Amino acid sequence: MSSQIDHLLNENRRFAPPAEFTATANGTAELYAQAKADRDAFWAEQARALHWDTPFTEVLDWSKPPFAKWFADGELNVAYNCLDRHVEAGNGDRVALLWEGEPGDERRVTYAELTDEVKRLANVLTDLGVVAGDRIAIYLPMIPEAVAAMLAVARLGAIHSVVFGGFSADSLRSRIDDAGAKVVITADGGYRKGKVSALKPAVDQALSDRGAGAQETVEHVIVVRRGENEVDWTEGRDLWWHDVVSAASADHTAQPFPAENPLFILYTSGTTGKPKGILHTSGGYLTQTAYTNRVVHDLHPETDVFWCTADIGWVTGHSYVTYGPLANGATQVLYEGTPDTPHPGRWWEIVQKYGVTVLYTAPTAIRSFMKLGRKIPKQFDLSSLRLLGSVGEPINPEAWMWYRQVIGAKTAPIVDTWWQTETGAMMVSALPGVTEAKPGSAQVPLPGIAIDVVDEDGVHVGNGNGGLLVVTEPWPSMLRGIWGDPDRFVETYWEKFADKGFYFAGDGARLDEDGDVWFLGRVDDVMNVSGHRLSTTEIESALVANEAVAEAAVVGASDETTGQAVVAFVIIKQSFLDEHSPEGLAGTLRRWVGEQIGPIARPRDVYIVGELPKTRSGKIMRRLLRDVAEGREVGDTTTLADTMVMSVISAQVK
Ligand code: 6R9
C-alpha cells in the first residue's frame, strides 16, 4: 500500500448522525435493502412520487446500450410536477423562492405566483411559435425569472439550454449555434460585486457577430428588466419580459409529454476544446433529482428552508435549485450576488435572515470562508442549520471539519455528494440520518445506484486500492447523449469499458478498508512521479492542513528525471505572510508534505501566490497552472472567473 493511502486511511474521525436527526430522516437504511432486492421496483416507486398523466408500465429499457430509456411509455409534464400540483394540493401560498438581490432587495414568490408567471410565459412562447422540441437559450442572472424561464420551456416540452451569465458573447454564440436556439431569454443586466453587470450587450454581440454563411436561428430575444441599465434594442426581435408576460393570459393547461422527451441541454467542457452539450430527458431526470433531494438533503417541504448556492448556469443549479426542490414543493433561498458583497459575511447574514436549515455548497467556497476566518460567520446566528452538503470537488478533511465546527455547530451532518453534469443527479453520498460520516470521503453509492472502482481492465480493485470510478448499471437521470454527436457520447463514456458495459466517469477513486469511496480528482489530474501514482487532491489536502495555508493547488509538471514532478501553488494566510519570508514558508511546506504523505509527495516547487485561477463554477484550472509550472505560455483563460489572475500568478512565480 502506498504512502498516500496511509494518509487517507489515517483519517479516523467518524461522526454519527444525531439521534433526533435520524428519528425524522427521509433516507433510511431500508432504502438500501429495497433497492438491492429489486432495483427496477425501487426506481418505479421513486418515480411514482411524481404525477404521471399516463402511468408507465415499463421501468428500464436497456435493449440498445448505452442508449437507455426510463419509464418510456409513461407521460408527464415536468412543470406541472414542479408547480400546478402543489397549488392543486392546497399549497399555493407556500413560498417557493425567497429571493435576495445582491443590493439587498427581496422578493417572496409563492407557488401560486410562480405557477401564474410560468403559465403566462408559456403562452408568450407559444405565441412566438415555440413548440415541443424547440431549443431556447437562457442567459440570466440569479433572479426568479431564471427559474420561471426554465419551467416555461419545460412546460411546452421544449428544450432549454442555460448559459451561465458569466460566459462571454463568444461562448454564448457557440452554444446558441450548436443547439440552433429559436429564442433567447436574457436580462438587461444583474448585480455582481456591487454593480450592474450587463448581459444584453453579449446577446446583441452574439447575434450580430455571425460567421460567414451561418444562418440565424434566433427569432426573438425576451429581456427581463433587472439592472435598469441602458440597452440597445432591435425592433421586432427584442421584447421586454414585463410587457409580454403581463399582457399574456395566465390560463395554460400543461400537456403531458413522453418520459423520454428531452428537457435540457447543458454544455460542459471535455478534454477537447469544444464543449459537449449534455442532453437530459424528463421522467428519469425528475425522478432522481427529486429523490436525491428528498433523501440526501433530507428535505421536509413543510418546515425546511433549503439553500443551494449554485448558479442555475451549472448542473447543480438545474437539479438542486430548479427541479429537485420545486418537484418536492420546498421553500428555498435564491441569491443573486457574490458571497462577499457588500461584506464578507453576506452568506451567513442570509442564513440568519431566512432561517436556512439545509445548505448545499462547494468546497472552494468553504475554503475561501476558512481563509477569512471564523470570526465572520460567528457574528451571525447559524443555529437554524441542521444539514450541510458539499458538491463539485473532493472536500479535504480540514475544510470538512471547519464546515462542521464553524458552520454546523459541531452537530450538523455533512453530506459529500459526488455526481456530474452527465449523471444529472447525485450518485455517491452518505444518507445523513444513516451513515457515520468520514471527513473527506463521499462514502457510498446511493440506494438504487451501482458503482465500482476498477483497474484499467475493468476489474474491481478491492478495498485499500485505487482505480477508476465506473457506474455499472444504468440510472434514471443519466445523460441520454451529447447534442448532435452520438459518436462522441459513446466514445467518451462507454468505449473504455465497452466489454463490461460500464460508464467511465473520468474520476480517480480509492476504496478504503471499509469499502468507502474517496474521490481523487479527475484522472487527468492524477500524477505519476517516479512511477508512483499521486493524487493532486491528496497533496492539496496535506498542504491545507498546515496552519499557514489558506488554499492550495497542485499540478504534475513534466520533469526530466521523475516523469512528473509535484508543483504546488499556495495562498498563505495573511498573519503568516507578515511574519515569515516566502522562501522560508516554501521550504517549510515542502518538508511538511514530505512528513504528511511521504518523501515521494514532497513538491519540487512551492510557489506562494495571491490567487488561484478558478472557473466561474469555482473549479481550479490546473491546466493553466501546469503551463506556468512547465514554463509555457499560458493557454486559453476565457473560462476563468477573473481572466487577469494568470498574469498576476505568472509574475509572482518569476
Ligand atoms: C455536480 C458537478 C463533475 C466533476 C466530477 C468530479 C468533481 C463533483 C464531487 C467531485 C469529488 C465530490 N466532483 N462532486 N469530486 N467529490 N463530491 O460538480 O458537476 O460540474 O459536471 O463536475 O466534479 O471530478 O467528475 P460537474
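Mentor: A backbone N or O atom of Gly 392 lies 3.0 Å from a nitrogen atom of the ligand, which is a polar contact (a pair of N or O atoms within 3.5 Å). The model is predicted: local features need pLDDT of at least 70, side-chain atom pairs count only at pLDDT 80 or more, and totals for chains, interfaces and linings use all residues. Residues are numbered from 1 along each chain as its sequence is written, and side-chain values use heavy atoms, with hydrogens and water left out.

Trainee: How far is a polar side-chain atom of Asp 416 from a nitrogen atom of the ligand?

Mentor: Asp 416 is among the closest of the 16 residues that surround the ligand, where near means a heavy atom within 4 Å. Its polar side-chain atom lies from the ligand nitrogen at 2.7 Å.

Trainee: What share of the ligand's exposed area does the protein bury?

Mentor: Accessible areas come from the Shrake-Rupley method with a 1.4 Å probe. Taken alone, the ligand exposes 520 Å², and the part buried by the protein is 90%.

Trainee: Which residue in S11 stands opposite Ile 185?

Mentor: Strands S8 (residues 183-187) and S11 (residues 220-224) run parallel and are joined by 5 bridges. Opposite Ile 185 stands Ile 222.

Terms used:
Polar contact = N/O pair within 3.5 Å; in protein donor to acceptor, adjacent residues only side chain to side chain. Pairing = 2+ DSSP bridges. Helix = DSSP H or I, 4+ residues; strand = E, 2+ residues; numbered from the N terminus.
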